[in-house]
Amino acid sequence: MRNTFRHSLPALTILAIFLALLASGCGGSYDETISGVKVPVPKAMTRSSEKPVEMALLGFGAGQATFHGNMETDKLVEFYKREMPARGWQPNLNVRSGDAMLAYSKEGKTMLVAIIKEKNETNLTLTVGGMGR
C-alpha cells in the first residue's frame, strides 16, 4: 500500500494544481487597445457590441470600452490588482461597495476600471485618458 500511495502522489499533485487554477478563475487574458493604450482584459469578459468611445481635444485623448461576462467582482478586482502593477501601472484608487472602482496611472495616462454586477451579468468599463494624444 505504501508503494501505491507514492506512485499516485504526482497524479494527486497535478489534480490539485488543476483544481486550484480552475477555482481561481484563471482563464487567462487578452489585450485590448483603448485610446492607443494596450490594457488587459480577462478572457471571461467579452467586448460589448456598443462602439467604443474615443475623443481627442487639445492634446488630451481618452477612450472607453465596455465588456460583459459572468465573472465575480472579487475575481475582476484581483485580476486588475495583479495585472496592472505587473505592467508598470501604479494604483491610485480602490473603492469597493459591492461594485468596484479602481484607478491606475502610467506615463501620463490614467486608466479607470469600473465593475458593476447586474443580475446574472458583470459589466466592466475601462476608461483610458491622458495627455499626448
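In the predicted model, K119 is placed in the loop that joins strand 8 (109-118) to strand 9 (121-131). Its phi is positive, at about 55°, although K119 is not a glycine. Most residues other than glycine have a negative phi. The relative accessible area of K119 is 80%, and the residue is therefore exposed, the cut-off being over 50%.

S35 occupies the loop between strand 1 (29-34) and strand 2 (37-42). Its relative accessibility is 2%, so S35 counts as buried, the limit being under 20%. Thus S35 is buried, whereas K119 is exposed.

From the N terminus, the order of the elements is α-β-β-β-β-β-α-β-β-β-β. Of the contacts with a separation of 6 or more, 48% are between residues 24 or more positions apart. The protein has 133 residues, of which 30% count as buried. The exposed surface comes to about 8,500 Å², and carbon and sulfur atoms supply 60% of this area.

Helix 2 covers residues 73-86, 14 residues in total. The distance from its first C-alpha to its last is 20 Å, close to the 20 Å expected at 1.5 Å a residue. The buried residues of helix 2 are T73, L76, V77, F79, Y80, E83 and M84. Viewed down the helix axis, these buried residues fall within an arc of 160°, so they line one face of helix 2. An α-helix has 3.6 residues a turn, so residues three or four places apart point the same way. Just after helix 2, G88 adopts a positive phi of about 90°.

A search of the whole structure for aromatic pairs returns 1. The pair is formed by F79 and Y80 in an edge-to-face arrangement, with 4.8 Å from centre to centre and 90° between the planes. Both F79 and Y80 are buried, and the two are among the buried residues of helix 2.

Methods
Residues are numbered from 1 along each chain as its sequence is written. This is a predicted model: local features need pLDDT of at least 70, side-chain atom pairs count only at pLDDT 80 or more; totals for chains, interfaces and linings use all residues. Side-chain values use heavy atoms; hydrogens and water are left out. Helices (H or I, at least four residues) and strands (E, at least two) are DSSP runs, numbered from the N terminus. Buried means under 20% relative accessible area, exposed over 50%, partly exposed in between (1.4 Å probe, protein chains only). The expected span of a helix is 1.5 Å times one less than its number of residues. The arc is that of the directions from the helix axis to the C-beta atoms. Contact means heavy atoms within 4.5 Å. Accessible areas come from the Shrake-Rupley method with a 1.4 Å probe; for residues, only the protein chains shown count as cover. Rings of Phe, Tyr and Trp (its six-membered ring) pair if their centres lie within 6.5 Å; planes under 30 degrees apart count as stacked, over 60 as edge-to-face and the rest as tilted.
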